[in-house]
Amino acid sequence: MARTLGPVRRAFAPWDDPDAKPLIQFDGVTKRFGDFTAVDNVTLNIYEREFFALLGPSGCGKTTLMRMLAGFDVPTEGRILLDGVDVSGMPPHRRPVNMMFQSYALFPHMSVADNIAFGLKQDNLPRGEISARVEEMLALVKLEPFARRKPDQLSGGQRQRVALARSVAKRPKVLLLDEPLGALDKKLREETQFELMDLQEKLGMTFLIVTHDQEEAMTVADRIAVMNQGTFEQIAPPATIYEEPISRYVAGFIGDINMLEGGVQRVGTDMHFASDLLADNVVVESVPDLSPGPAALAIRPEKLRISLDEPPAGPATGRVSGTVWDIAYMGDVSIFHVRLADEPGNCEDMDHSVPILRATVANTTRLVERPIAWDDKVWLSWDASAGVVLSR
Amino acid sequence: MTDLPAASVSDPQSTARASSGLGRRLLIAVPYVWLLIFFLAPFAIVLRISFSEVAIAIPPYLPVFDLSEGWTAFVEDVQRLSFENYTWLAGDPLYLNSYISSVTIAFVSTVLTLLVGFPLAYGMARAPSSWRPILMMLIILPFWTSFLIRVYAWIGILRPEGYLTIFAQTLGLIGDDDQIRLLGSNAAVYIGIVYSYLPFMVLPLYASLERMDGSLLEAAQDLGCPPLKTFWVVTVPLAIPGIIAGCFLVFIPAVGEFVIPDLLGGSDTLMIGRTLWAEFFSNRDWPVSSAVAVILLLVLIVPIVAFQTFQQRQQEAMR
C-alpha cells in the first residue's frame, strides 16, 4: 500500500487546477441494459498523463464505463468527450483509444510481432515504420526473442506483455486496461504493477485502469474512483481514499477498518463522537458537512494502540477496553482481535452483537514471548485525529 | 532426490503404463478389426472383380475361384485376371469425362455449400446461447426423414409446373405462361447437393466459430480495423479448421453422389455414380463397374488422405 511519491509526482494534481482542460469527460452518462442500470448519471473528468483507476466489485458498472469509452457500448444518456470532441456515437475503430483486454484477446493465428503490428497496419503506415515500431515495442516489454512465436507458445506473463505492447503500439491518447493483471499470480502481479507505472511515465499517456483489486488501484493510480451500483462513491488520490473515506462503503472497500456505531453530538463549539462502547467521548475534527446524528467512527487497525495498562484519558484520545479474542500472527505484523467485553468470550454461547476490533501491531522484535496473550484484558487507544466519522 | 536410482522411482509408473498400454492396444484393435472386415474385405472383392472379365453367368464374371477343382485350376484362374477393364476405361472418353464432371460438380457444389453454410453457421454461433440448441436441432432435423424422399421432394419444387414456378408467377416475377426449367439441369444438381450436404458444412463451421473468443473481434476493432475487414482478417482465418473440415465432408461424398444427379439432373449430367450404376445394373458388367469404383476410390484417396493429415495436425496443435 505504501507509495513512494517523488517530488514531481506529488505536484501532479491537474484535477485541483480549475484551468486544466480534461482529456476525457463523462458528462451525465447513463447506461441501461433493459431494466438494469449499469451506469447511473456519471460525470467525471480525467486529465492528460493521469493514471486513473476505476475500482469496485463486479457488477458495479466500472467495466461498462470503460467499454463506453472504447466504443463497444453506447451511452443511453449523456455524452463522452475525448479531447473536447464528442465521441459518444463513434465506432470503436475510429477512436484514438486502445484497450488491453482482460483475456488479452491476442490473435491466436498471428505471431507476437504480427499481433503488435496489427493496429499499425490498420493505419497503413509504411512497412519500415511498422517494423521499427514493432521492434521498439518488443524491446519495451523485453520480448525480442519471442517475436516469431505464436501466443499459445508463451507463458501467461509473456502474453500479458504482448497484449500491453499491442495496445500501446499505436500510441493512443488513452490506454484502457481492463483488469490487466487479473490472470497473473501475486508476485508477478506486484512486479507488473510497477512496470505499468514506469511505462505510463515513459510513454506519457493517460491510463485508465479497471480493477476490483484495491491494492492494485492504490499502487498504480494517481486517482481512484470507487464505484458502487453505477455511481461514484468517492473520487480522490489513493492516500485520501484510504485516510479520509467519505462513506462506510469506501472505508470498508479499501483496506481493513474498524467501525464503531454511535452518534455525533455538538458540545459547545466542538463536535463529539459518543458511543456506549467507548469509555469517554472523542472530539472529532469538524469538517463542514458534519452534523449531529447517527454516525460511525472508522479507525484503521494500524492506528490503534494496544496496552495492558489503562491509557490516560484526554479529549484528544479515544479509549476502549476489551479482551483479547484472537491473535493472528502474520510474520511482519500481528493482528489482535479484541472483543469489547470485560469477560473472555466463550465459543459455545458467544454474544455476536459485541463488536470485535482489530489492532495491527508491527512485530518489531523477534517473537519469543508475547507481552499480550489470549483472554488478557487490554485497552485500545488512538489519537482522535486517526479516526474518521462517517455519517453515510 | 537426485541420489535415488532412476529405476526405483519410475518402476511402479512404467508397470502401470505397460498394463494400460495393453488395454489401449486392445481398444484400438476393435475398430481396426471392424474396418478390416467391413471395409477392406468388400474392397478386396471389388478389386478382384475389376480384374475379371464379363460373362453371361451367375455371378456375371469369370473366372470364379473354386479350390475344389484342384490347385492347378486355381492358378490358371488367377492367371486369367487382367488389367483389361482398366485399359478399356482409359480408352473410352465417357469415363474420363464422368470423372472430370463429377469432380467439377462436387467442387462447385462444395463452394456453394460453403457460401450458404458460412452465414448460417456464423448466425448460429452469434445467436443468444439459449437459442443455439434449437437452431442446431433445425439443422439436424432433415436427417430424420429419408434422404431419398427429401431429394424426391425437390422434383416437386423444381419441375417446370412445380412450386418454384407457381411461387415466381404469384410474385409476378415471371409471366403466367412462363416456366422455370431447372429440373434436369446441372443447376438442379447443385441445388440438391447444397441442400442435402448443408448440415455437414454447417456443423464443423459452427464448432469452430462458436469456440471463437468474441473479445478478439473487439480487439481488432479497437486497434482500428473496420468490422468488415475484421471478418476477413480475424473471423475467417480462425474458422479455417471448420472450413476445411466442412469442405471435405461435402466434397468427398458429393463426388460419388448418385441419387441427386439421377433424380434432379438431366440426361447430360455426367457423374461417375450414374455411370457406375448404369454399368452395374443396365449393362450387368460387374468387372467394368468394379474398375470404375476402384478408380473413384483412387481419385478420392488424395482428398481423404489430405483431410486425415489435416485433422491429425489439428489435434496435435490442440494439445
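Trainee: Which residue stands opposite Lys31(A) in strand 2 of chain A?
Mentor: First, a caution: this is a predicted model, where local features need pLDDT of at least 70, side-chain atom pairs count only at pLDDT 80 or more, and totals for chains, interfaces and linings use all residues. Residues are numbered from 1 along each chain as its sequence is written, chains are lettered from A in the order in which they are written, and side-chain values use heavy atoms, without hydrogens and water. In general, strands of a sheet pair through backbone hydrogen bonds, either parallel or antiparallel. Here, Val39(A) is what stands opposite Lys31(A). Strand 1 (residues 24-33) of chain A pairs with strand 2 of chain A in the antiparallel sense over 7 bridges; pairing takes at least two DSSP bridges, and strands are DSSP E runs of at least two residues, helices H or I runs of at least four, numbered from the N terminus.

Trainee: In what order do the 4 strands of the open sheet in chain A come?
Mentor: The order is 2-1-4-5, with antiparallel pairing. Strand 2 (36-46) and strand 5 (85-86) of chain A each have a single partner strand, so one side of each lacks a neighbour in the sheet.

Trainee: And how many residues does the largest nonpolar core have?
Mentor: Nonpolar side chains tend to be buried together in soluble globular proteins. A core here means buried Ala, Val, Leu, Ile, Met, Phe, Trp, Tyr and Cys residues joined through side-chain atoms within 4.5 Å, buried being under 20% relative accessible area (1.4 Å probe, protein chains only). The largest has 49 residues, with Phe118(B) and Val292(B) among those with the most contacts inside it. Helix 8 of chain B gives the largest share, 11 residues.

Definitions and conventions: Buried < 20%, exposed > 50% of the residue type's maximum accessible area, 1.4 Å probe, protein only.
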